[in-house]
Amino acid sequence: MTHIVVTGGVGDLARDLEAMSAKLAREAPRVVRRAAVEGNRLARGLAKERSGPHGANYFKRLSAEMTGPTEAEFGPDGIPKSEFVGAGFRHGVNTDLLDAADVIGPKFAKDVGDMAEDLFW
């Protein structure tokens, strides 16, 4: 039979927790940025593939940016679609961003979970 003995004190726990917060501050923005860039890449690909002649250049308006330390967004730059010539869609509704979010959302959730788990190991 194998026994595992772990020794430590409150000071060790305090140091570990402090190290965790520093690691989280470094890693969280990377995870968020990676998800936004990947979501934007997916949305651009969908927009390029699905657009008709009227919206052929719409994919060029899509970009990703960090809006806070752990916040990001991806989507069209510039004036709203309703005022933009060249943003038409053959099927009448643009679902490129929603479809990209459907793909990237679960992956982002897994990446956040993995990051949180890595804090403890």
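1. Helices (H or I, at least four residues) and strands (E, at least two) are DSSP runs here, numbered from the N terminus. Keep in mind that this is a predicted model, in which local features need pLDDT of at least 70, side-chain atom pairs count only at pLDDT 80 or more, and totals for chains, interfaces and linings use all residues. Residues are numbered from 1 along each chain as its sequence is written, and side-chain values use heavy atoms, with hydrogens and water left out.

2. The overall layout first. You have 2 helices and 2 strands, running α-β-β-α from the N terminus. Of the protein's 121 residues, 24% are buried (under 20% relative accessible area; exposed is over 50%, partly exposed in between; 1.4 Å probe, protein chains only). Take the contacts (heavy atoms within 4.5 Å) with a separation of 6 or more: 67% of them involve residues 24 or more positions apart.

3. On to the strands. β1 (residues 62–68) pairs with β2 (residues 71–76) in the antiparallel sense, over 6 bridges; pairing requires that DSSP finds at least two bridges between the strands. The link between β1 and β2 is a hairpin through 2 residues. Gly68 has Glu71 of β2 as its bridge partner, while Leu62 sits opposite Pro76 in β2.

4. Helix α2 covers residues 96–119. Its 24 residues reach 34 Å from first C-alpha to last, close to the 34 Å expected at 1.5 Å a residue (the expected span is 1.5 Å times one less than the number of residues). There is still a kink of about 30° at Ile104, shortly before the proline Pro106. The bend at a residue is the angle between axes fitted to the seven residues ending there and the seven starting there.

5. Asp96 deserves a look of its own. This residue of α2 is buried, with a relative accessible area of 2%. What does its side chain touch in the way of polar partners? A polar contact of 3.1 Å joins it to the side chain of Arg50. Such a contact is a pair of N or O atoms within 3.5 Å; within protein, one must be able to donate a hydrogen and the other to accept it, and residues adjacent in sequence count only if both atoms are side-chain atoms.
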